[in-house]
Amino acid sequence: MAILDIEGVSLRYGTVQVIWDVSLSLEEGEAVALVGANAAGKTSLIRMISGLVRPSGGRIALFGEDISGRDPADIVRMGLSHVPQGRFLFPHLTVRENIEMGAAYLPGAWQAMDRTMAWVIHLFPRLGERLGQKAGTLSGGEQQMLAIARALMARPKILLVDEPCLGLAPIMVKVVFDALGEIKKQGITLLLVEQNVWKSLKFSERGYVMENGRIVHRGASAELLADGKIRKAYLGL
Ligand SMILES: Nc1ncnc2c1ncn2[C@@H]1O[C@H](COP(=O)(O)OP(=O)(O)O)[C@@H](O)[C@H]1O
Ligand SMILES: [Mg+2]
């Protein structure tokens, strides 16, 4: 059974429709890639799933429960966290304070703080070495790690990650993908939006391709990687 099941959702910003009849599902433990050009609607779709914008139509079910229009904090409590495009860190707070923010919505999370913190620092040792440093002084790659670490503090079962490698040096791209691999190994289900289509399809088991607000291809990542149209449009091959 799908733990996240999106059926026929649409989204309008005012009078402008940006998402049309999108269906997508996640099975427990899988990594799924959502790829598409700029402005295809990927971020809007992810923000709809985490309750930050309300769908204009369709249905979103999380663990079998309809969450359309639900408060974002409730959705975090149900086990879904979101690493937003652009990171949205608190630059004047320390790394530790930013990480702790991720536990803010979760009853009981403050008591489990030390244990959860130890877990995320084990995933991102670089953050452990910089707990007292202001987030705004971190490198881009370190800031991305911090954004992921913060989302993990809510102990999610599903993690939505939006463009984690945007603007990162290749060495940091590898660090981020290694960390995502580790997160997946822990059994966390991943929906990954990433400009690096090659890497994200290599990383995931399944993928969806979005164009102009619609899902135009879906399938096993290996099949998408082998598809001539996709290779031409997204991989420049
Ligand atoms: N808050 C908003 N208000 C109005 N239009 C928006 C808003 N956010 C995004 N859009 C528009 O929605 C479309 C999809 O954007 P977005 O979801 O950010 O795509 P992607 O993440 O694939 O680049 C774009 O045309 C963008 O300009
Ligand atoms: Mg985006």
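In the predicted model shown above, V197 touches V35, Y234 and L235, leaving out residues up to four places away in sequence; two residues are in contact if their C-beta atoms, placed from the backbone, lie within 7 Å. This is a predicted model, in which local features need pLDDT of at least 70 and side-chain atom pairs count only at pLDDT 80 or more, while totals for chains, interfaces and linings use all residues. Residues are numbered from 1 along each chain as its sequence is written, and chains are lettered from A and ligands numbered from 1 in the order in which they are written.

V197 lies in helix α8 (residues 197-203); helices (H or I, at least four residues) and strands (E, at least two) are DSSP runs, numbered from the N terminus. With 22 C-beta neighbours inside 10 Å, V197 counts as buried. The term buried applies if 20 or more other C-beta atoms lie within 10 Å of a residue's own, exposed if 12 or fewer, and partly exposed in between, with C-beta atoms placed from the backbone. The C-alpha atoms of V197 and V120 are separated by 26 Å, and the two residues are 77 apart along the chain.

V35, one of the contacts of V197, also has a bridge partner in β9, namely V209. Strand β3 (residues 31-35) and β9 pair in the parallel sense over four bridges; pairing requires that DSSP finds at least two bridges between two strands. On β10, V209 has H217 as its bridge partner, and β9 and strand β10 (residues 214-220) pair in the antiparallel sense over six bridges. These two strands, β9 and β10, form a hairpin with two residues between them, and N212 in the turn has a positive phi of about 45 degrees. Strand β9 (residues 206-211) is mostly covered, five of its six residues being buried.

A further sheet, an open one, has four strands in the order β2-β1-β4-β5, with antiparallel pairing. β2 (16-27) and β5 (65-66) stand at the edges with a single partner strand each, so one side of each is left without a neighbour in the sheet. Strand β4 (residues 57-62) and β5 pair over two bridges in the antiparallel sense, and A61 stands opposite D66 in β5.

Turning to the ligand, Y13, V18, G36, N38, A39, A40, G41, K42, T43 and S44 surround ligand 1, where a residue is near a molecule if its C-beta atom, placed from the backbone, lies within 6 Å of it. Helix α1 (residues 42-49) gives the most to this shell, with three residues.
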